[in-house]
Amino acid sequence: DSDSDEEPAAETPQKNAKDEAEEDENSMLDNDWDTSEWSMQEIESACSTLITECESPSSEKRQQLSIRMLLRLLDRHQEAVAYVEKVSESLLNKAFPAILVDGISEEA
């Protein structure tokens, strides 16, 4: 009678492969992109560059990588959080005209 008697759905091999691939990419990113000794200016510059790439990506793959890298900076550095908070008003002001004209995309 109870739903708790049902066995949880087994993970598909595709999901496991995707998770493993993502973990591999994360560890590669960690090894190739050590930001532990970056100055505040380097962190802010990286955030600015990554935000620009997210706004006007040259490819979807670059946009996705830029998002992941920006999230990494935000997770690791309070300076990155402070920078994004400082520029967030400007980012929103850039986004509002497109939202008002085009609406919010289903992808958002």
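This is a predicted model: local features need pLDDT of at least 70, side-chain atom pairs count only at pLDDT 80 or more; totals for chains, interfaces and linings use all residues.
1. Now for the overall plan. The protein has four helices and zero strands. If you follow the sequence along, the pattern reads α-α-α-α. Of the 108 residues in the protein, 18% are buried.

2. Next, look at how parts of the sequence meet. Take the contacts in the protein with a separation of 6 or more: 64% of them are between residues 24 or more positions apart.

3. In general, two packed helices are described by the angle between their axes and the distance between the axes. For helix H2 (residues 40-55) and H3, the angle is about 150° and the axes are 9 Å apart. An angle over 145 degrees counts as roughly antiparallel, so H2 is roughly antiparallel to H3. The crossing of H2 past H3 is left-handed.

4. Which residues of H2 and H3 meet? From H2 come Ile43, Ala46, Cys47, Leu50, Ile51, Glu53 and Cys54, and from H3 come Arg62, Gln63, Ser66, Ile67, Met69, Leu70 and Leu73. Sorted by class, this contact of H2 with H3 holds ten nonpolar, two polar and two charged residues.

5. Cys47 deserves a stop of its own. Cys47 sits in helix H2. Is Cys47 buried or exposed? Residues under 20% relative accessible area count as buried, and Cys47 has 0% relative accessibility, so Cys47 is buried. Setting aside neighbours within four places in sequence, Cys47 is in contact with Leu70, Leu73, Ala80 and Tyr83.

6. Finish with His77. Where is His77 found? His77 lies in the loop between helix H3 (60-76) and helix H4 (78-102). The relative accessible area of His77 is 9%, so His77 is buried. Apart from neighbours within four places in sequence, His77 is in contact with Thr35, Ser36 and Ile43.

Technical notes
Residues are numbered from 1 along each chain as its sequence is written. Side-chain values use heavy atoms; hydrogens and water are left out. Helices (H or I, at least four residues) and strands (E, at least two) are DSSP runs, numbered from the N terminus. Buried means under 20% relative accessible area, exposed over 50%, partly exposed in between (1.4 Å probe, protein chains only). Contact means heavy atoms within 4.5 Å. Axes are lines fitted to C-alpha atoms, for helices over the stretch in contact, and angles run from 0 to 180 degrees between N-to-C directions. Angles under 35 degrees count as roughly parallel, over 145 as roughly antiparallel, 65 to 115 as roughly perpendicular and the rest as oblique. A crossing is left-handed if the near helix is turned anticlockwise from the far one by less than a right angle, and right-handed if clockwise. Ala, Val, Leu, Ile, Met, Phe, Trp, Tyr, Cys and Pro count as nonpolar, Asp, Glu, Lys and Arg as charged, and the others, Gly among them, as polar.
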